[in-house]
Amino acid sequence: MPPTNSDESRDLAFQEAIDADRTVEPRDWMPERYRSTMVRQIAQHAHSEIIGMQPEGNWITRAPSLRRKAILLAKVQDEAGHGLYLYAAAETLGVGRGELTELLITGRQKYSSIFNYPTLTWADVGAIGWLVDGAAITNQLALTKTSYGPYARAMVRICREESFHQRQGFELLAELSRGTRAQHEMAQDAVNRWWWPALMMFGPPDSESPNTAQSMAWKIKRVSNDDLRQRFVDMTVPQSRALGLDLPDSQLRWNEARGHYDFGPIDWEEFRQVVGGHGACNAQRIAVRRAADEGGAWVREAARAWEVRQQSRTSAA
Amino acid sequence: MSHSEDWPLWEVFLRGRRGLSHQHVGSLHAPDPELALQNARDLYTRRGEGVSIWVVRSTEVHASDPDDQGPLFDPPSDKAYRHPTFYKVPEDLQL
Ligand SMILES: [Fe+2]
Ligand SMILES: [Fe+2]
């Protein structure tokens, strides 16, 4: 359909409302591209929470104490909740829950590539909480002011729950770091492996992310990838000192003039490989999600059949 | 299995503590009211956020049209006398 005058004036009015910091709500008119961008971003975020349960979930039965097991269970359960809040936000834009699951398990929608890395030791659970949840919080705090109301509200709820995730990871690593020599080395090894992938979580550099300008104009994104990454680095360096662990970057140093830490170049080729499906665990993550979906199908059907029978009983009575 | 038939959607309302009214907190899918309540408990009250839950089928919620916003909500704006600040009273009195 060719754009008409009224489309143009609606686009203009929409942008003016955004500029005036008016939140967009589900039943408001919005440009088709705003809607599709929002659906893609929220769905990808939801998928990340759901897939993100797997790397840590693998350690629940092997947690070294009852305290650690209870903490890890609670954290993984929170991530399931985050996924559900976000799917509900996506659904306000007219897509179905099942449709989104289908897009995930057929590889047509993505999730954060960080979850395609394996969790090799118990220290990885600490490194994920400290670095991966830490990076996620940095990103999600900025998104509490995103222009789409249901997404922003889901972010507020999620951020409230996330801070324990990062703290438990920090505490876990602190204990290992001050433990035996072998424990300290295990903690250092985990940080060595998770540091760079955590920096990649903020996405490609601003100079190479073509959609950033439009997303910033629509206030979907409030802070650019590079700025968020810098924020995370500045926050994390002092924390690493408190932990007594090194961050694996020889170029990491305070830049007095910039008022920020400088850090070394990120291996974007590795990022592209993992996003492109060639990470260590891509196939496994999707296979597990698909198996859970197919294995749960009979439960969904049975519950629905039960409800249909209840309904017919009440109407017969 | 195809997902063409999702469980119906429910809106969830929570009473934060006694003395407060229920507030909308989000939505979820469930096949019936009983499971909707249980899912709401798991999803929205993991940290003692509520003492009472309502669930309502989303299709049962009727909403005003956002395009009506002007005509529907404008009238009060020219009735400033409905607000206490409209009236001049002696400043030294508790009124
Ligand atoms: Fe999360
Ligand atoms: Fe988390």
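Two residues are in contact when heavy atoms of theirs lie within 4.5 Å. By that rule, A:Met53 touches A:Val76, A:Glu79 and A:Ala80, leaving aside residues up to four places away in sequence. The model is a predicted one, in which local features need pLDDT of at least 70 and side-chain atom pairs count only at pLDDT 80 or more, while totals for chains, interfaces and linings use all residues. Residues are numbered from 1 along each chain as its sequence is written, chains are lettered from A and ligands numbered from 1 in the order in which they are written, and side-chain values use heavy atoms, with hydrogens and water left out.

A:Met53 sits in helix α3 (residues 53–57) of chain A; helices here are DSSP runs of H or I with at least four residues, strands are runs of E with at least two, and both are numbered from the N terminus. Between A:Met53 and A:Asp267 there are 214 residues in sequence and 26 Å in space, C-alpha to C-alpha. Helix α3 of chain A also holds A:Glu56, which forms a salt bridge with A:Lys75, the closest N and O atoms being 2.8 Å apart. A salt bridge here is a side-chain nitrogen of Lys or Arg within 4 Å of a carboxyl oxygen of Asp or Glu. Because A:Lys75 belongs to helix α4 of chain A, the pair ties together parts that are 19 residues apart in sequence. Over all chains, the structure holds 24 salt bridges.

Next comes the meeting of the two chains. Here 28 residues of chain A are in contact with 22 residues of chain B. Together the chains bury about 2200 Å², 49% of it on carbon and sulfur atoms; buried area is the accessible area (1.4 Å probe) that two parts lose on being put together, summed over both. On the chain A side, A:Arg27, A:Arg157 and A:Arg304 lose the most area to chain B, together 26% of what that side buries.

The count of salt bridges between chain A and chain B is 4. A:Glu161, for instance, pairs in a salt bridge with B:Arg47, the closest N and O atoms being 3.7 Å apart. Elements giving two or more residues to the side of chain A that touches chain B are α4 (66–91), α5 (97–105), α7 (149–177) and α13 (297–316) of chain A. The largest share, 8 residues, comes from α13(A). By class, that side has 8 nonpolar, 5 polar and 15 charged residues; Ala, Val, Leu, Ile, Met, Phe, Trp, Tyr, Cys and Pro count as nonpolar, Asp, Glu, Lys and Arg as charged, and the others, Gly among them, as polar.

Helix α7(A) also packs within its own chain. Its axis and that of helix α8 (residues 181–200) of chain A come within 7 Å and cross at roughly 135°, with axes fitted to C-alpha atoms over the stretch in contact and angles running from 0 to 180 degrees between N-to-C directions. That makes α7(A) oblique to α8(A), a label for angles that are not under 35 degrees (roughly parallel), over 145 (roughly antiparallel) or 65 to 115 (roughly perpendicular). On the α7(A) side the contact is made by A:Leu173, A:Leu176 and A:Ser177, and the α8(A) residues include A:Met186 and A:Val191. The residues of this contact divide into 5 nonpolar, 3 polar and no charged.
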